[in-house]
Amino acid sequence: MRSILLKDCSWIITMNPQNRILKDRSLYIEDNVISILEKKEKVQADIIINCKNKIVMPGLVNAHTHAPMSLFRGYAEDMPLEKWLREKIWPLEAKLRPEDCYIGALLSIIEMLKTGTVAFLDMYWYSEEIVKAAFTSGIRALITFGMFDLGDPDRRDESLRQARSFIERSKNMCNGRIKVGLGPHAPYTCSREMLEAVRELADKEKVPIHIHVAETRHEQADFEKKYGMREIEYLEKIGFLGEDVSIAHGVWLSKEEIRKLAEYHVKVVHCPVSNLKVAVGGIAPVAEMIKTGVEVALGTDGAASNNSLDMFETMKLAALLQKHQYWDPAILPAWSILTVTIHGGNSVLNLPKACIRDGNPCDLIVLKAKQPHLIPVHSKESLINNILYSARGSDVDHVIIEGKLIVYNGRVLTVDEEEVMREAQETALSIIKRCQG
């Protein structure tokens with residue numbers, strides 16, 4: 001493995017338990033192990049990157065997305081969620097082919113890598129193609145097998161058969177860089193029998209579960225009318241909840257549901273941008289969840305319902321929404337949101353907490369600090385404020401994953417960006433033609 005020296009870093013945000021920020025140090029990386037060097041220490045390395053006027057920090061985690069949906073970016077806009085799904089998205093998805101999902105996933109991964117995301121959690125169809133795209137690109141990923149049955153026993157049996165096959169073929173990929181799991185769509189699209197079978201399969205194979213829950217008020221109201229209970233209560237009743245479960249959205253949760261999530265150690269992934277865009281009618285009670293002991297992470301959702309996969313944008317909006325919701329500008333300060341994104345995201349993906357310290361592996365991103373919107377820096381604390389409220393994905397210069405240089409000077413080294421964008425454009429138009437005729 002080639003060694004890397006990040007020389008003369010202006011700032012290093014360690015994300016260690018003491019929230020230490022180092023100034024004017026270098027980082028030496030060999031065999032995916034970090035050494036922090038004092039200013040005068042000199043070492044040789046295969047790759048030397050000048051990090052003067054740069055910020056080094058652990059990479060970001062996108063804990064909920066649907067990577068192939070980048071192909072639908074901008075196609076269906078300004079519509080209510082249910083209409084958007086039934087009239088636009090689901091008809092397109094019915095025409096998808098495996099090779100479409102591969103190129104769509106690669107397009108999303110390129111965007112994520114270039115904007116500082118080093119790991120993501122995905123739920124979609126043709127999951128093996130997403131595994132293949134993640135493997136090719138060098139990113140970390142937890143790929144969950146998307147499934148629903150709408151009460152159809154034949155569809156349920158086939159989906160479960162495919163899920164078992166997917167896990168068997170994919171779960172040992174890349175020495176843990178790529179993990180797999182189960183992705184039942186939601187309590188309202190999966191029968192009780194399917195959810196119980198998913199729970200049983202997850203226990204047997206020891207893989208995590210990711211599911212959409214309580215995204216809209218309409219969803220919760222309809223579910224309560226049909227089953228006489230809210231979604232979390234229902235999932236508890238059928239024995240579905242556990243520490244291996246993460247839920248996406250969690251906007252319309254009661255205090256009692258939040259308490260149950262904490263009791264069962266269920267994690268929640270907040271997707272502020274897409275929730276606003278599809279007008280779910282509320283703001284996820286993130287501060288209440290954290291106060292109650294629920295582990296929270298952040299996600300972008302798919303590019304069809306967000307348009308951007310930039311986690312810097314997501315972090316800023318998540319912070320602002322909580323301030324607005326609770327009428328308290330200090331409710332979740334910058335450090336808290338950064339911790340939710342990095343440590344919370346790693347927890348959802350079942351990865352070690354990312355921190356920069358001697359002898360530790362850590363996926364890193366390097367940001368350009370000499371940018372008009374990131375100046376001035378008054379103190380170490382104001383540096384974090386700038387990262388949260390001012391930084392952009394376009395500030396990312398380099399990305400290192402598993403001790404390997406994946407992005408250099410803003411370019412992804414593992415795939416041909418131009419070719420992927422060309423193929424993605426052609427593929428998107430092809431899918432629409434198939435759908436129309």
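Me: Where do the contacts in this protein reach along the sequence?
Reply: Among contacts between residues at least 6 apart in sequence, 74% join residues at least 24 apart. A contact means heavy atoms within 4.5 Å.

Me: What should I know about the model itself before going on?
Reply: This is a predicted model, in which local features need pLDDT of at least 70 and side-chain atom pairs count only at pLDDT 80 or more, while totals for chains, interfaces and linings use all residues. Residues are numbered from 1 along each chain as its sequence is written, and side-chain values use heavy atoms, with hydrogens and water left out.

Me: How many helices and strands are there?
Reply: The protein has 14 helices and 17 strands. These are DSSP runs numbered from the N terminus: helices are H or I with at least four residues, and strands are E with at least two.

Me: And why call it compact?
Reply: The radius of gyration is 21 Å, close to the 22 Å that the globule rule gives for 437 residues, so the protein is as compact as a globular protein of that length. The radius is taken over C-alpha atoms, and the rule is 2.2 Å times the number of residues to the power 0.38.

Me: What share of the residues is buried?
Reply: Of the 437 residues, 60% count as buried. Buried means under 20% relative accessible area, exposed over 50%, and partly exposed in between (1.4 Å probe, protein chains only).

Me: Let us turn to helix α8. Which of its residues are buried?
Reply: In α8, residues 255–263, the buried ones are Glu257, Ile258, Lys260, Leu261 and Ala262. Their cover includes the helices α6, α7 and α10 and the strands β11 and β12. Just after α8, His265 takes a positive phi of about 60°.

Me: What does Lys260 pair with?
Reply: Lys260 forms a salt bridge with Glu256, with the closest N and O atoms 3.7 Å apart. A salt bridge is a side-chain nitrogen of Lys or Arg within 4 Å of a carboxyl oxygen of Asp or Glu. Both residues lie in α8, four residues apart, which is about one turn of the helix.

Me: Which residues make up the network around them?
Reply: Glu236, Glu256, Arg259, Lys260 and Glu263 are linked in a network of salt bridges.

Me: How many salt bridges does the structure hold?
Reply: The structure holds 28 salt bridges. One of them joins the side chains of Asp363 and Arg140, at 2.5 Å from N to O. This pair links distant parts of the chain, 223 residues apart: Asp363 is in the loop between α12 and β14, and Arg140 is in strand β8. Both Asp363 and Arg140 are buried.

Me: What about Arg156?
Reply: Arg156 forms a salt bridge with Asp149, the closest N and O atoms being 3.2 Å apart. Arg156 counts as buried at 14% relative accessibility, and Asp149 is buried at 0%.

Me: Last topic, then: where is Lys323?
Reply: Lys323 sits in helix α11, residues 311–326. Lys323 is buried yet has no salt bridge.

Me: Which side chain of opposite charge is nearest to Lys323?
Reply: That is Asp328, 7.2 Å away. For the charges, Lys and Arg count as positive and Asp and Glu as negative, with His and the chain ends not counted. Leaving aside residues up to four places away in sequence, Lys323 touches Asp328, Pro329, Ile331, Leu332 and Tyr389.
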